[in-house]
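Please examine the structure shown below before reading the questions and answers about it.

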Amino acid sequence: MESMNYGECLSKQLVMAMIFATCACGTSLHAQSVVASQSGSANENPQATEDRISRLEAEVAELKAMIKQLQPTAVAASAAPSSGSGSHTESEPPVDQGNSLQVEDRKALDFLHGTTINVGLDGYYAYNFNHPVGRVNLLRAYDVLSNEFSLNQASVVLERAPDPAAGRRWGARVDLQFGQATDTLQGNPANEPRPEIYRNIFQAYGTYIVPIGKGVTVDFGKWSSSLGIEGNYSKDQINYSRAYWFDFLPFYHMGVRASIPINDKFTINYWVVNGTNQVEATNGFKDELFGFVAKPSKTVTWTMNYYLGQEHADRLVVSPTSAIPVQPGLSFDAIRPAPDGRTHIFDSYVTWQATPRLSFALEGDYFIQRLWKNQSSLHSSAPSHVDGGVAYVRYQLTPKIALASRAEYLSDRGGLFSGLTQALKENTVTFDYTVADGLLMRYEWRRDFSNQPSFLSDVQGVLSKHQSTVTAALIWWWGRKEGAW
């Protein structure tokens, strides 16, 4: 026989007490009726009868008090699980397993709510009417191959953005990048000694919002450069192919940056970085950027940047027998004297959303670089500089169809960009068709031309002053991150 638990005992005691009280009440009533019926009897002592009734009434009152005290205990005990189940002892509080799981699930969901995992695929087919030797489109950033189906980029973006309103001032972001564009953007051996280590890490930085004023955002790590209006992810650009200026200006930086909002319309930016396109520095100089973003109205945004750098190496990668080892297979020799000329970049661009369907953008740039800081008879080389600009227009014809165009001019004096002094121009027309949310088809025509032979032709060793291409691209992306990546 199973042992009786405490709740069952109390319940039985309560029932017995109620029965006893009922019997006592019945006895009292019966006694009163007897007294009433025999009130005239000479043999009954009235005083004795009255005393007996009083005692019975007192006992009934006492039993009622006992029942009242036993009721809460009995209810609580009956709600507790049986000790025979083996789940809990009498001293252990009850645990709702369903609610416990819900709490743990809620914690995981709250974490994922602030974290986004995003994936993008970008591929194209381009055709060059020059029929270039090697099927290469010269002076292009991403659409570098002709007459081939090409995987431009496969991307994975992990981000947990700060949320001061929720009490979380820190965040982090990692962008992993694979494919043809990775080789274009990441890790030129002329810029850094070990590019292969970081090549697939397009961005990796942590963020903290300092509680000063409106909140100062500080990032540390590697991030995509904001010099120039165009960016890495094709889905966020006006055109599919990139401008000369995107290909020429820095792609990424490694260091610390701060964004300081003065008010809702004006933000100051400041960077300290290793250099342009350098995760590992090639010299001890630290480059700086000073800039601002102004929003004079809801439809206009103006960005202004000034970048000061020193991009000349002070060491040379040599064989492992050098006296300055870094790791197995990599060593350096010092360059003496090392060039110390400065690099100055003035970059400005503005966007204007003229109507809900029509938008314009304009960019202007000036880039000057010297080999030596102080010119002398020994160091008398003239500085090289590149200047020009880009104009964009885009019109949303229907919710699924858009048409965009770009016109660009780049004057390369000294061959910093193209290797020779020339004036480069290009015109691009892009047709967008949004198949579905997260799937975009792009069709593009582009013509490049110059005042110097600069583009490959179908004859080995013979260059052309122009090239025309048509491109069809497919871009997929999915994930919870909204807006531009």
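This is a predicted model: local features need pLDDT of at least 70, side-chain atom pairs count only at pLDDT 80 or more; totals for chains, interfaces and linings use all residues.

Residues are numbered from 1 along each chain as its sequence is written, and side-chain values use heavy atoms, with hydrogens and water left out.

Q: Which residues touch the most other members of the largest nonpolar core?
A: A nonpolar core is a set of buried Ala, Val, Leu, Ile, Met, Phe, Trp, Tyr and Cys residues joined through side-chain atoms within 4.5 Å; buried means under 20% relative accessible area, exposed over 50%, and partly exposed in between (1.4 Å probe, protein chains only). The largest such core has 23 residues, and those touching the most other members are Tyr-244, Trp-245, Leu-410, Phe-417 and Leu-424.

Q: Which helix and strands each supply at least two residues of this core?
A: Helices (H or I, at least four residues) and strands (E, at least two) are DSSP runs, numbered from the N terminus. The contributing elements are α6 (244–248), β7 (266–273), β14 (358–369) and β15 (384–396).

Q: Where is Pro-337 placed?
A: Pro-337 is joined to Arg-336 by a cis peptide bond, with omega about -5°. Its place is in the loop between β12 (330–334) and β13 (343–352).

Q: Is His-131 buried or partly exposed?
A: His-131 lies in the loop between β1 (115–128) and β2 (148–160). Although not a glycine, His-131 has a positive phi of about 50°. With a relative accessible area of 46%, His-131 is partly exposed.
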